[in-house]
Amino acid sequence: MNRRDFTKLSTLVAASMRLPQALSQSAAQSPAQNTAAAPSTGAKAVGFACVGLGSISTAFMEACANSPTVKIVGLVTGHPETKGVMFSQMYGVPKSSIYTYETFDKIIENKEIEALYIGLPNSMHCDYTVRGAQAGKHILCEKPMAISSAECQTMIDACKKADRKLMIAYRMQYDPIWQAAYDVVQSGVLGKVQSLRGSMLQSQTLGWRQTKQYGGGGPMMDLGIYPLNGMRYLTQEEPAEFTAVVATRDKDDPRFKEMEQSIEWTIKFPSGIIASGGCSYGQFGQATLMVSGDKGYIMLSPAFAGGGVHMSGSAGTNHFDQMGTGRGHFQLGLEGEHFAACIRNNKQPKSPGEEGLKDLVAIERIYKAAGTPIA
């Protein structure tokens, strides 16, 4: 039950970039920037427990290893004597703070654990978010938030009832290059945005993702959510109309016994912007997102990597060519520190539970439009 493998690259490094002069005012006022100020110097780092020790949690721990505001203080795993011991030694976690899924609810007794990072299979997100909130812990949950919009609402309600913060791990939104792309789109430099096109294509061993029980759906849940969320983020609109098709060309491939191989969709926003996207578990291609206006365009490629995002394009005399210096797990560190700052300063996360709910509503409508409803 491992999350998708991230490419093993360099450890967390600082990112730097410059906006064109024409966008400086927009950048200064952009709501895309992190809204939670960093804790004051000397503030105690927020203690996180990672729930599930697959590759995504491994990447999160690596990204936050040297953070002054995030500290790994607990582990929840089905393999306490192997993975648990290994990671406890790597990050200085006491053996008494290694929990199994059977002893999970005892985290209520551990005051060093203030927040949980949920890196479990999709169908387990809701249960462990609700129980974590009931144990008094803030929740940073991986995407997709859950396997249905109904589960998303349950998670939101549970965290509100427990007065705990809930953030969904949309790591892209914390990357400076994505924030720069937001500023370009919102500044009007591209003119009126007319369309967006995005795709994320992979061919890989799926593990638990090839099952409806744990994955909840096909590649839209795991891959398509990236361009979908990027489209919603850059336009700040919610899609209103949907069309979609699914296809499985390799019908004998056991990976696609319970779900489709590929899905393509189009969505229309209330403003009239049209967006198209595609995702697949059975083909290779670049991970890109292009935004086209009547005065110019920008292209993000690679768009959905954990760092090193590249933005190119032009609009009149403005030319865009900005490469993020962050590599590997860069974005995971940024999102972890943002959530820690929200906890310390009692601020609302930039990607709260409601953001995850909106994506699941859209994903459900995409699958329904394709004739293969998941909820």
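1. Basis. In this predicted model, local features need pLDDT of at least 70 and side-chain atom pairs count only at pLDDT 80 or more, while totals for chains, interfaces and linings use all residues. Residues are numbered from 1 along each chain as its sequence is written, and side-chain values use heavy atoms, with hydrogens and water left out.

2. Overall make-up. The protein holds 10 helices and 14 strands, these being DSSP runs numbered from the N terminus (helices H or I, at least four residues; strands E, at least two). Of its 375 residues, 59% are buried, where buried means under 20% relative accessible area, exposed over 50%, and partly exposed in between (1.4 Å probe, protein chains only).

3. Surface and contacts. Among contacts (heavy atoms within 4.5 Å) between residues at least 6 apart in sequence, 72% join residues at least 24 apart.

4. Helix α2. Residues 55-63 form helix α2, which is mostly covered, as eight of its nine residues are buried; among them are Ile 56, Phe 60 and Met 61. The buried residues of α2 pack against strands β1 (46-51), β2 (70-76), β4 (115-118) and β5 (138-141), and also against helices α3 (80-91) and α9 (330-345).

5. Thr 243. This residue lies in strand β8 (residues 241-247) and counts as partly exposed because its relative accessibility is 44%. Leaving aside residues up to four places away in sequence, Thr 243 touches Glu 264, Trp 265, Thr 266 and Ala 369. The C-alpha atoms of Thr 243 and Ser 276 are separated by 9.4 Å, although the two residues are 33 residues apart along the chain.
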